[in-house]
Amino acid sequence: MSKVRLFPGDCREIMRSSAIQDASYDAVITDMPYYNQYGPEIKLSGRKALGGEIDFDVFDNMNEWLEFTNDWIELCIRKLRKGGTFLSFTNLENASRVVDIIEARGLQLRGRLYWHKVNPAINPRKNNYLSAVEPALWAIKPGGKVYFDFTTQDAMHSWRSGFPWCNDDDLTDIIDIVIEGGITQGLERTKHPTQKPIYLMRDILLRHVPPGGKILEPFGGSGSTAVAAMSLGMDVDICEQEEQFLAIIKHRLSRPIQTEFVEPK
Ligand SMILES: C[S@@+](CC[C@H](N)C(=O)[O-])C[C@H]1O[C@@H](n2cnc3c(N)ncnc32)[C@H](O)[C@@H]1O
């Protein structure tokens, strides 16, 4: 039976408090504020508006976002056990900045995963490709046993495509892997604007967290990491600062886990 603790408030304050013990987590699995620059909202007749700012992702400028990102990553590293995994989603535009932060803080970058959304949002401006890929960076805290469930050679098939965001020479040894599927829909969908699907989070947890392991999720959102962790019998401490999202998390965690699974099309 997994143990879930939900901490309302700013994850940085929570991680600075004694509530979250140092060096006690097998993994930090999260989905940070990306600092996306979508441009003004576009209203479409008969559809949900597209683009525009998401409140929790608004920063005055790049420096403010970098300072914030440095701050919470440093705190997370303190909370990880030696050999523990740090894995966070980011966007393609800022992934290399996050890599710089991770490495400057002493984590070793191990791999990059790409979530390929097979049903991405349309681009009504028609000025660029659809935004269909979100990377996740996997790094480890040196000095201890690393957990990685290698499964089969086929499943761990590494993938290099020469995509423009992969042209960093320093990263040539890094494994890239694609997880494909739909964005969250149907019964599983909540009102959270950036909800990650459960199939994706379960896939990641199965590979990167030992059975019965303990996870820290500083940016809870709608609670997808926690729902996935519970379904796998893992313990998770989850922070979230917005009241409206805390209500969603509580609701999801109070329901039978099985009803959450909507397999990708
Ligand atoms: C990208 S979303 C996470 C979405 C989540 N992966 C899901 O599947 O629902 C980031 C979340 O972090 C929250 N957040 C942003 N800054 C925070 C902070 N300093 N402390 C705690 N939560 C924060 C936001 O309110 C938002 O819900």
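Visitor: What makes a group of residues the largest nonpolar core here?
Guide: A nonpolar core is a set of buried Ala, Val, Leu, Ile, Met, Phe, Trp, Tyr and Cys residues joined through C-beta atoms within 7 Å. The largest such set has 52 residues. Leu137 and Ile215 have the most contacts inside it. Bear in mind that this is a predicted model: local features need pLDDT of at least 70, side-chain atom pairs count only at pLDDT 80 or more, and totals for chains, interfaces and linings use all residues. Residues are numbered from 1 along each chain as its sequence is written.

Visitor: Which residues does Leu137 touch?
Guide: Two residues are in contact if their C-beta atoms, placed from the backbone, lie within 7 Å. Leaving out residues up to four places away in sequence, Leu137 touches Leu87, Ser88, Thr90, Ala95, Val98, Val99, Ile102, Leu109 and Arg112.

Visitor: Why is Tyr35 called buried?
Guide: A residue is buried if 20 or more other C-beta atoms lie within 10 Å of its own, exposed if 12 or fewer, and partly exposed in between; the C-beta atoms are placed from the backbone. Tyr35 has 20 other C-beta atoms within 10 Å, so it is buried. Tyr35 lies in the loop between β2 and α2. Its phi is positive, near 60°, and it is not a glycine.

Visitor: Is Lys126 buried or exposed?
Guide: Lys126 has 6 C-beta neighbours inside 10 Å, so it counts as exposed. Lys126 also has a positive phi, about 55°, without being a glycine. Its place is the loop between β4 and β5.

Visitor: How many helices and strands are there, and what makes a stretch count as one?
Guide: Both are DSSP runs, numbered from the N terminus: helices are H or I with at least four residues, strands are E with at least two. The protein chain has six helices and eight strands.

Visitor: Why is helix α5 described as largely enclosed?
Guide: Seven of its eight residues, 224–231, are buried, so α5 is largely enclosed by the rest of the structure. Those buried are Ser224, Thr225, Ala226, Val227, Ala228, Ala229 and Met230. They pack against β1, β2, α4, β7, β8 and α6. After α5 comes Gly233, with a positive phi near 75°.

Visitor: What makes strand β3 mostly covered?
Guide: Seven of the 10 residues of β3 (80–89) are buried.

Visitor: How do you know which strands pair with β3?
Guide: Two strands pair if DSSP finds at least two bridges between them. Six bridges join β2 to β3, and these strands run parallel. Five bridges join β3 to β5, which run antiparallel. Val28 stands opposite Phe86 in β3. Phe89 stands opposite Ala136 in β5.
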